[in-house]
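Here is a short briefing on one protein model. It covers a strand and its partners, then a pocket.

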Amino acid sequence: MIPFLDLGAAYRELKTEIDSAVMRVLDSGWYVLGPEVEAFEAEWAAYCGADHAVGLANGLDALILALRALDVGPGHEVIVPSNTYIATWLAVSSVGATPVPVEPDPATHNIDHSRIESAITPRTKAIIPVHLYGQPADMDPILALARKYELVVVEDAAQAHGARYRSRRIGGHGDVVCWSFYPGKNLGALGDSGAITTNRTDVADRIKMLRNYGSREKYVNEALGVNSRLDPVQAAVLRVKLHHLDRWTDHRRCIAAAYMDKLNNTDLILPHVPDWADPAWHLFVVRTAAREDLQQRLTKAGIGSLIHYPIPPHMQQAYAGMMIRPDSLPLARTLASEVLSLPIGPHLTMDQAQAVINAAAHK
Ligand SMILES: Cc1ncc(COP(=O)(O)O)c(C=O)c1O
């Protein structure tokens, strides 16, 4: 059996290191924020090449607090990809703004920058590119549009730890970059957690205040904040795993290269990697009109696969109130019916990858 992802494998590999890091926090008596969170924030900011990182409770909160810190709220429109995980849209709705979907580039599945300009109105305040599947979005044209129309750019990097855009790591291109460390992510904690990175000191300070009941000084509350602090136990786990992230990403790259090479002559549409992109390979997503057959072949061979994502946000009941016609975003709709994610991860062996190739290639 080859599971889609073995969540326990990273813990088993690093058990001694992780156990001692967790014990360090338990022994310290410091259970909310404090030195462990600050150390992870400094290390994560340095890794991403950003001036600041702020640890938060999860990736959705990271997006919400980023938008709040940039004064995005009721009456504003925010450009989002039509093809994304629903959290991107939910963050916009949570601050009272309206998500305005833009279709993907059919080759990369990421937001098509050439379609963004026509979606901009006087109410547009922000663009949220998503580095979906760990494939960097094409940031330069998006940043140019943002400058032209005075918009802010909030990146959803929940799937892109260690990915590079034009040789520079994701983490400091836009105004704020939002991270999830959900256990299945490339850098995953042992529970929920998240962060933002930014080069803007004003934004980092504001998010620190908002995550802590809107307070910078104990019992003095200047904004309607929330409690969304990165747990120090999770920070300690993340510090251990961060040392291994690049090695793990290299292994993902080897698996992706094998899939690209050996599935090249099949009727599967493989990921397109532009020459400016160095993906983190969070997911290896193939596309085929015969998805059911492919998934059945994999299941028969004992191989797990998943669909990211089967229902696009605009077709979810949660967004029924926006009255977006399903066929008004045909690319998002088609991708939802044709994509399938093959197993990939730091603990999938090359033999297992070969078994995936055999099952996926042969009808
Ligand atoms: C693209 C994307 N955005 C946002 C999120 C939300 O992150 P979290 O689950 O940590 O809230 C996720 C992951 O779940 C995601 O994949």
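This is a predicted model: local features need pLDDT of at least 70, side-chain atom pairs count only at pLDDT 80 or more; totals for chains, interfaces and linings use all residues.

Which residue is the bridge partner of L56 in β9? The partner is G194.

**Strand β9 and its partners**
- Strand β9 covers residues 194-198.
- Strand β1 spans residues 52-56 and is joined to β9 by 5 bridges. The two strands run antiparallel.
- β8 also pairs with β9 in the antiparallel sense, over 4 bridges.
- G194 takes part on both sides: L56 is its bridge partner, and S180 stands opposite G194 as well.

**Burial of β9**
- β9 is mostly covered, with 5 of its 5 residues buried.
- In a regular strand, side chains alternate between the two faces of the sheet.
- Both faces of β9 are covered. G194, I196 and T198 are buried on one side. A195 and T197 are buried on the other.
- Buried here means under 20% relative accessible area.

**The largest pocket**
- The largest pocket has a volume of about 710 Å³.
- Its lining has 32 residues, and the closest to the pocket centre are Y85, Q159, Y182, K185 and Y309.
- The lining residues divide into 19 nonpolar, 9 polar and 4 charged.

How values were computed:
Residues are numbered from 1 along each chain as its sequence is written. Side-chain values use heavy atoms; hydrogens and water are left out. On a 1 Å grid over the protein atoms alone, a cavity is a set of points where a 1.4 Å probe fits but cannot get out, and a pocket is an open set with protein on both sides within 12 Å along at least five of seven lines; lining residues have an atom within 4 Å of a point. Grid points are joined across faces, edges and corners, and a volume is the space filled by probe spheres set on the points. Ala, Val, Leu, Ile, Met, Phe, Trp, Tyr, Cys and Pro count as nonpolar, Asp, Glu, Lys and Arg as charged, and the others, Gly among them, as polar. Buried means under 20% relative accessible area, exposed over 50%, partly exposed in between (1.4 Å probe, protein chains only). Two strands pair if DSSP finds at least two bridges between them.
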